[in-house]
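Please keep the viewer open as you read.

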Amino acid sequence: MLGFLVRLLPFWVREPLLVLVGSLLGVRLLYLGLDDGEWAPAGFGVLFLVFTAVRVHTVVQALRARRNRGTAASGDDGTGAGAPAPTASHAEPPGQPRPARAARATPVREKEPNAWGQALAAVAVFAALAAAVWLGPKLLPSEAHGAPGAVSCPDAQETELPGAYKETPRAVTGAELCEALNTPELARLLGTPAETATAASASNGTAPLTDGKVARPEAQVEFDTYTVNVSVTYNDLSIGQYGKLTEYGQETDVRRLKVLGRPAVLSSDHTMKIEIDLGGDASGGPVEQGPPARTLAVALDAKDDGGYCEITVWGTSGAFPDDDTLLGITESILPAIPGRTV
């Protein structure tokens, strides 16, 4: 259908259009192929450039033919000066009225459209369309094209905070953690820049087994491929002690390091999967083992006086990103979380 529509265009519109599209596609595919080290896109790019060269040759030949026809037409001025004079044998008898010679009809040459004007107009129109397609997303509001902007975090004005948050003056809330996590950079950091966030949640809870005395805000952002969870625990447990606990627990692949000058511990464990039966069974399903997850725990300050931030990532397929990806996410979130002051 598209080819039929292209053939309906005038020659001086169709050919410049094919040259423009062919050159853009050829250069783009050739660049992508050479940049990624893949020969298939580069080969298609070369084919498009060869096609473009053929179309350019066709346009050049048509311009030369048009110029030659114009030169030949200008040599014939239409006066008939080269016509042979009538001979005596064809002279009219004397005294007989001479009929008036019919005026020679001068052919009226229709004004042809300007080829260069049509070509430039076609190029200008399709250049404007290409610029609109290229720049359109960038001119739209950020929430219209930002990957995680498809979902929003809960309102910061939530229910009254538990008393543990009042006793920790600089404690962040779940909504603040969500705002720090749900940024347009998160999908790119996860290695899935084409995905958009499908859900974002936050809570202002307290740490378990503390009788509600330790603040533990939490936020989570979900994608089709990965889920990222961040929480901050304002207790007296240092990262040094945290690392020893992982050695005695079921965590695997434990690794100690520093992030932004703060002590940190990397570890792997399985998430928990809880099924809730909405058919009337209040007990719900059993607690099962969920997909494996990778967690990075970082101290709230360089002195490691207590308290830590945990960033956990797991995937729907059972895989999770590498440690460098987790470090990149942590380094983008951590500056938004104040250090421990009490």
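Val54 counts as partly exposed because its relative accessibility is 43%; here buried means under 20% relative accessible area, exposed over 50%, and partly exposed in between, with a 1.4 Å probe and protein chains only. Val54 sits in helix H3, residues 39–75. Helices (H or I, at least four residues) and strands (E, at least two) are DSSP runs numbered from the N terminus. Together with Val46 and Val50, Val54 makes a nonpolar surface patch of about 230 Å². Such patches are made of residues with over 30% relative accessible area and no salt bridge, like charges being joined within 9 Å and nonpolar side chains (Val, Leu, Ile, Met, Phe, Trp, Tyr) within 5 Å. Areas come from the Shrake-Rupley method with a 1.4 Å probe, and for residues only the protein chains shown count as cover.

A word on the ground rules. This is a predicted model, in which local features need pLDDT of at least 70 and side-chain atom pairs count only at pLDDT 80 or more, while totals for chains, interfaces and linings use all residues. Residues are numbered from 1 along each chain as its sequence is written, and side-chain values use heavy atoms, with hydrogens and water left out.

Stepping back, the protein has 10 helices and seven strands. Of its 342 residues, 33% count as buried. The accessible surface comes to about 21,700 Å², and carbon and sulfur atoms hold 60% of that.

In helix H7 (residues 174–181), six of the eight residues are buried: Gly174, Ala175, Leu177, Cys178, Ala180 and Leu181. Their cover includes helices H8 (185–189) and H10 (323–333), along with strands S1 (199–206), S2 (215–222) and S3 (226–233). Helix H9 (residues 239–248) buries Ile239, Tyr242, Gly243 and Thr246. Seen down the axis of H9, these buried residues fall within an arc of 100 degrees, so they line one face of the helix; the arc is that of the directions from the helix axis to the C-beta atoms. On the other side of H9, Lys244, Leu245, Glu247 and Tyr248 are exposed.

Tyr242 leads us to Glu310, as their side chains are joined by a polar contact of 2.5 Å. That term means a pair of N or O atoms within 3.5 Å; within protein, one must be able to donate a hydrogen and the other to accept it, and residues adjacent in sequence count only if both atoms are side-chain atoms. Glu310 belongs to strand S7, residues 308–315, and counts as buried because its relative accessibility is 14%.

Finally, look at the charged pairs. Side chains of opposite charge can pair when their charged atoms come close. With a salt bridge taken as a side-chain nitrogen of Lys or Arg within 4 Å of a carboxyl oxygen of Asp or Glu, the count comes to seven. Asp253, Arg255, Arg294 and Asp323 are linked in a network of these bridges. Between Arg255 and Asp323, the closest N and O atoms are 3.0 Å apart. Arg255 lies in strand S4 and Asp323 in helix H10, so this pair ties together parts that are 68 residues apart in sequence. Arg294 also bridges to Asp323, with closest N and O atoms 2.9 Å apart. Arg294 counts as buried because its relative accessibility is 2%, whereas Asp253, at 53%, counts as exposed.

Methods. Contact means heavy atoms within 4.5 Å.
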